[in-house]
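The following exercises are to be worked through with the sequence and the model at hand. Each task is followed by a solution in steps.

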Amino acid sequence: AIEYKFMNGNAWGMDEQVPAGCAQNNNRFLTVPSTSTVLPAVCFGSCIICNPALVNITFQVDMSNETVSVNGVHVAGSFQGWNPATTEMLPVGNNVYAVTLAIEAGNYYEYKFVNGNAWAGGETVPAACAVGWNRFITVPSVPTTLDAVCFGSCYPCGPPPVDIEI
């Protein structure tokens, strides 16, 4: 594989910051195929084309095992500047809170749920479903409702999943 970056000028420091979703060692990379290949155009410092389509993604968290803060439940992530007080989720029944956001198709984002509106109420995302202690999504091209997960868990609330041998 080869690694590369785009430059906006002619010196280091003018190079792009390659997002984690399309980086290897902080660089773009390509496993060189045996035939001629034309790579798709991408926006400088991005994994996708410039001005991608927006897609509605519904985030859901189950707060059944938590005492919900008087300040509500929020989601914070790289799609909204990591502000724990900006994006409030609303109850939709059965202790599940949800919010639908129009975010860029094809982009990779990290996020976490917040019980309240400050980082002190941020969940600890288990390593089994985290990248750098955050939840993550590469946004599909169609509207999607993510499964509700228990706050601070990889799974729905209730008893832990059990593998059954057949």
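**Exercise 1. A disulfide and its surroundings**

Which residue does a disulfide join to Cys-150? Describe the geometry of the link and the accessibility of its two ends.

Solution. The model is a predicted one, and every value below is computed from it.
- Step 1: The partner is Cys-157, with an S to S distance of 2.0 Å.
- Step 2: The angle about the S-S bond is 90°, and the link of Cys-150 and Cys-157 is right-handed.
- Step 3: The cut-off for buried is under 20% relative accessible area. Cys-150 has 5% relative accessibility and therefore counts as buried.
- Step 4: Cys-157 has 22% relative accessibility, so this residue counts as partly exposed.

**Exercise 2. The disulfide set**

How many disulfides does the structure hold, and which pattern do they follow? Describe two further pairs.

Solution. 
- Step 1: There are four disulfides in the structure. With the bonded cysteines counted along the chain, the pattern reads 1-3, 2-4, 5-7, 6-8.
- Step 2: Cys-43 is bonded to Cys-50, with the sulfur atoms 2.0 Å apart. The S-S torsion of this pair is about 100°, so the disulfide is right-handed.
- Step 3: Cys-43 has a relative accessible area of 23% and is partly exposed; Cys-50, at 40%, also counts as partly exposed.
- Step 4: Cys-129 is bonded to Cys-154, with the sulfur atoms 2.2 Å apart. The torsion here is about -85°, so this disulfide is left-handed.
- Step 5: The pair of Cys-129 and Cys-154 links distant parts of the chain, 25 residues apart. Cys-129 lies in the loop between E7 and strand E8 (135-138), and Cys-154 in the segment after strand E10 (149-150). Cys-129 is buried, with a relative accessible area of 19%.

**Exercise 3. A loop aspartate**

Is Asp-15 buried or exposed?

Solution. 
- Step 1: Asp-15 is located in the loop between strand E1 (2-4) and strand E2 (28-30).
- Step 2: Its relative accessibility is 13%, and Asp-15 therefore counts as buried.
- Step 3: The Asp-15 side chain has a polar contact of 3.0 Å with the side chain of Lys-5. The side chain of Asp-15 also reaches the backbone nitrogen of Gly-13, at 2.9 Å.
- Step 4: Beyond four places in sequence, Asp-15 touches Lys-5, Phe-6, Met-7 and Phe-44.

**Exercise 4. Core and strand pairing**

How many residues does the largest nonpolar core have?

Solution. 
- Step 1: The largest nonpolar core has 21 residues. Those with the most contacts inside it are Phe-59, Val-61, Val-75, Phe-79, Met-89, Ile-103 and Phe-113.
- Step 2: Strands E3 (54-62), E4 (73-77), E6 (96-104) and E7 (108-115) each give two or more residues to this core.
- Step 3: E4 and E5 pair in the antiparallel sense over two bridges, and Glu-88 in E5 is the bridge partner of His-74.
- Step 4: E5 and E6 are antiparallel over three bridges, with Leu-90 opposite Ala-98 in E6. E5 and E6 form a hairpin with two residues between them, and Asn-94 in the turn has a positive phi of about 55°.
- Step 5: Val-92 is found in strand E5 (residues 88-93). Its relative accessibility is 54%, so Val-92 counts as exposed. Beyond four places in sequence, Val-92 touches Gln-60 and Ala-98.

Methods: Residues numbered from 1 in each chain as written. Predicted model: local features only at pLDDT ≥ 70, side-chain atom pairs only at ≥ 80, totals over all residues. Heavy atoms only, no water. Helix = DSSP H or I, 4+ residues; strand = E, 2+ residues; numbered from the N terminus. Buried < 20%, exposed > 50% of the residue type's maximum accessible area, 1.4 Å probe, protein only. Polar contact = N/O pair within 3.5 Å; in protein donor to acceptor, adjacent residues only side chain to side chain. Contact = heavy atoms within 4.5 Å. Core = buried A, V, L, I, M, F, W, Y, C linked by side-chain atoms within 4.5 Å. Pairing = 2+ DSSP bridges. Disulfide = S-S within 2.5 Å.
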